Amino acid sequence: MARIQLKDLRKSYGNAHVIKGVDIDIEDGEFCVFVGPSGCGKSTLLRMIAGLEDITSGSLTIAERRVNDLPPAQRGVAMVFQSYAIFPHMTVRENVAFGLTIAGASKAEKAAKVAEAARILQMEHLLDRRPSQLSGGQRQRVAIGRAIVRQPKVFLFDEPLSNLDAALRMDMRMEIGKLHKALGATMIYVTHDQVEAMTLADKIVVLKDGQVMQIGTPMELYQNPANLFVAGFLGAPSMNFLKVTVQAVNGNTALVSNAALDPVEVSTRSASFKAGDAAILGLRPQYLSIAEAPGRLQGTVALTERLGAETMVEVKLKDDSSLIAALPQDVVFPVGAQVAFDFAADKAHLFAAP
Amino acid sequence: MISADTQGLRLATRYAVLVLIALIFVFPLVFMVMSSLKPDQQLLQDSGSLRAFLPVGDISLDNYAAAFQRAPVWTFVFNSVLITGVTVVLSLVVCSAAGFAFVFVRWKGRETLLAILLATLILPFETIAIPLLLMAANLPWLGLDGISWGWMNSYRIQIVPFIADGLTVFLFVQYFKDLPGELIEAARVEGASWAQIYRKVVMPLSGPILATAAILKFLVMYNQYLWPLMVTQEEGYRPVMVGLQYFFQLNVAWGEVMAYLSLITVPVLAFYLYLQKSFIASIASTGVKG
Ligand SMILES: Nc1ncnc2c1ncn2[C@@H]1O[C@H](COP(=O)(O)OP(=O)(O)OP(=O)(O)O)[C@@H](O)[C@H]1O
Ligand SMILES: [Mg+2]
């Protein structure tokens with residue numbers, strides 16, 4: 001079975017250390033998403049798994065087999081590239097059948113498998129076209145088709161949807177999700193779109209500067225971010241961060257406050273604090289609600305944006321920091337209005353100040 | 001805004017300029033062919049006037065007959081076409097494979113080797129002609145009747161030294177660098193070997209550069225003079241440019257020279273027309289942009 005294990009994986013280009021010791025365990029059949037800001041090493045890591053990039057040190061096993069030094073072809077993986085990378089001089093049919101042709105498959109086998117892939121991806125009518133006669137979304141289907149005909153145990157996707165427009169991206173995202181269920185293969189998917197990460201993943205790996213920040217299910221990361229980076233990276237709009245001071249610690253809870261925030265008792269989770277520490281209180285915009293004055297937080301409305309389903313309100317707090325709240329659609333405030341917010345203390349996150 | 005009139009005028013000017021340029025290139029050819037049909041005396045008289053470009057006066061194929069008398073024209077043309085053709089084909093294969101290895105395959109020392117190869121671009125052939133000659137004179141060859149020594153007076157001596165050259169490799173290297181690397185990576189992940197990637201992915205996308213390299217090589221090879229002069233003493237292996245000497249002995253017969261030149265120009269034109277067709281076809285079929 002195609003379980004993938006990365007142990008202390010490292011990659012350097014000369015003196016530039018791009019991947020700095022990564023440990024990830026991906027179960028068979030799992031949909032694993034690598035997310036992180038641009039340049040954090042997502043593609044490099046994926047290409048190391050594919051065999052397109054040498055591994056400087058560490059070990060990589062696919063299906064219980066150490067593959068560090070195997071060429072891409074022998075790793076049993078298929079890859080879909082951001083630029084699609086379909087061969088411009090071949091028809092769609094030839095493109096999809098490429099891996100089979102290389103493997104020396106018979107005509108009948110090729111025809112059957114290409115037909116099956118075309119059916120799954122609904123592109124039967126495109127088979128005799130050339131890539132230059134296809135739209136971006138259709139090209140991406142061809143690239144996926146080429147990956148699935150060989151029935152590999154592992155699929156690697158490097159930002160496959162980033163060249164598509166928003167509507168098409170949503171369609172294709174759902175199709176990739178369905179494909180994963182239908183094929184049951186292990187998939188690794190690189191993106192910097194957190195919606196793709198949240199919706200597709202069984203497991204998300206958040207990367208920054210070539211290091212793993214946190215690994216977990218989408219909801220674990222959303223509800224229980226291990227650090228400020230993960231907290232700020234997942235969720236839209238981003239989590240609000242308030243600088244607070246710890247007033248008192250009581251077991252697993254701490255009493256915190258600042259100039260704009262009345263003292264509130266929040267869970268410290270695993271971090272340890274002591275009275276007088278500076279800390280960061282994280283509040284997701286969605287968990288803020290309008291309070292009858294006085295409320296826990298007071299401020300002045302600086303900007304409102306009505307998105308239809310909800311209204312985003314940017315508020316300037318008394319200590320001059322600002323905060324964004326996601327409120328129901330019928331809530332409207334003029335700029336300059338005084339508002340007060342409440343939040344459930346168990347939805348707040350306390351982080352050590354950096 | 002540009003009115004239809006000025007636009008028409010621009011178009012007319014553009015065509016006029018193009019026609020003029022075309023004429024500048026065509027006139028020498030016309031002059032050559034027309035002169036080949038005239039006796040020497042008339043040829044020299046006409047050459048000062050527009051008559052030089054017209055088939056007027058005493059027109060005949062006598063010069064051609066005389067040219068065939070004077071030199072084994074077909075042997076020279078055959079030799080040149082053979083040597084040029086074989087060299088062009090082998091050169092495209094060898095140099096494109098070398099370019100492929102330099103660009104796509106990672107191996108120790110490739111940067112250094114490429115640098116050395118490119119450095120050879122600045123060496124004029126004349127500087128290596130003599131050492132090459134000394135080497136060639138002593139090379140072994142396994143022929144039908146066993147091992148023999150020395151490559152002088154053969155086709156191979158005119159072909160082998162010109163198969164691989166820095167310029168052609170450099171052309172391929174530059175072209176391959178611009179091919180999308182992900183295409184090659186995709187082929188690798190799909191299980192293709194380097195040889196398969198070369199044959200099935202890179203070569204089919206290389207039409208334009210193959211045509212360019214072929215034209216450049218063709219010109220160099222068809223115009224070879226110094227080297228074949230050095231290495232062939234037997235008429236049977238000599239190419240067209242060496243054959244031209246036959247017409248400059250004692251008294252120069254200009255009409256025959258022109259007849260000979262007209263004859264040896266035919267393969268060049270044929271090659272150009274052929275390449276032009278396949279060149280355009282290759283661009284149309286790849287249509288990489290989308
Ligand atoms: N050949 C190379 N030599 C030196 N540094 C490199 C090389 N290739 C990549 N890098 C560096 O490695 C880092 C990670 O690159 P990578 O392409 O993996 O980022 P990424 O997370 O995929 O970013 P993006 O979201 O923009 O695609 C970058 O800082 C990049 O500059
Ligand atoms: Mg990337």
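A:Val22 sits in strand E2 of chain A, which covers residues 16-26. The model is a predicted one. Relative accessibility for A:Val22 is 0%, so the residue counts as buried; the cut-off for that class is under 20%. What does A:Val22 touch, leaving aside residues up to four places away in sequence? Its contacts are A:Leu6, A:Lys7, A:Asp8, A:Leu9, A:Leu45, A:Gly210 and A:Val212. One of these, A:Leu9, is 13 residues from A:Val22 in sequence, and the C-alpha atoms of the two are 4.9 Å apart.

The annotation of chain A comes from a record. An unreviewed UniProt entry lists residues 4-234 of chain A as "domain: ABC transporter". Over that stretch the chain is 36% helix and 26% strand.

Chain B is described here as a whole. Its secondary structure consists of 14 helices and two strands. The radius of gyration of chain B is 24 Å, whereas a compact globule of 290 residues would have one near 19 Å. Along the principal axes, the C-alpha atoms of chain B fill a box of roughly 75 × 70 × 30 Å.

Of the contacts in chain B with a separation of 6 or more, 70% are between residues 24 or more positions apart. Buried residues make up 39% of the 290 in chain B. Chain B carries 17 positive and 16 negative side chains, and 10 Å separates the centres of the two sets.

Conventions. Residues numbered from 1 in each chain as written. Chains lettered and ligands numbered in written order. Predicted model: local features only at pLDDT ≥ 70, side-chain atom pairs only at ≥ 80, totals over all residues. Heavy atoms only, no water. UniProt positions renumbered as here; feature names shortened; annotations may be inferred. Helix = DSSP H or I, 4+ residues; strand = E, 2+ residues; numbered from the N terminus. Rg over C-alpha atoms; globule rule 2.2 N^0.38 Å. Buried < 20%, exposed > 50% of the residue type's maximum accessible area, 1.4 Å probe, protein only. Contact = heavy atoms within 4.5 Å. Lys, Arg positive; Asp, Glu negative; His and termini not counted. Charge placed at Lys NZ, Arg CZ, Asp CG, Glu CD.
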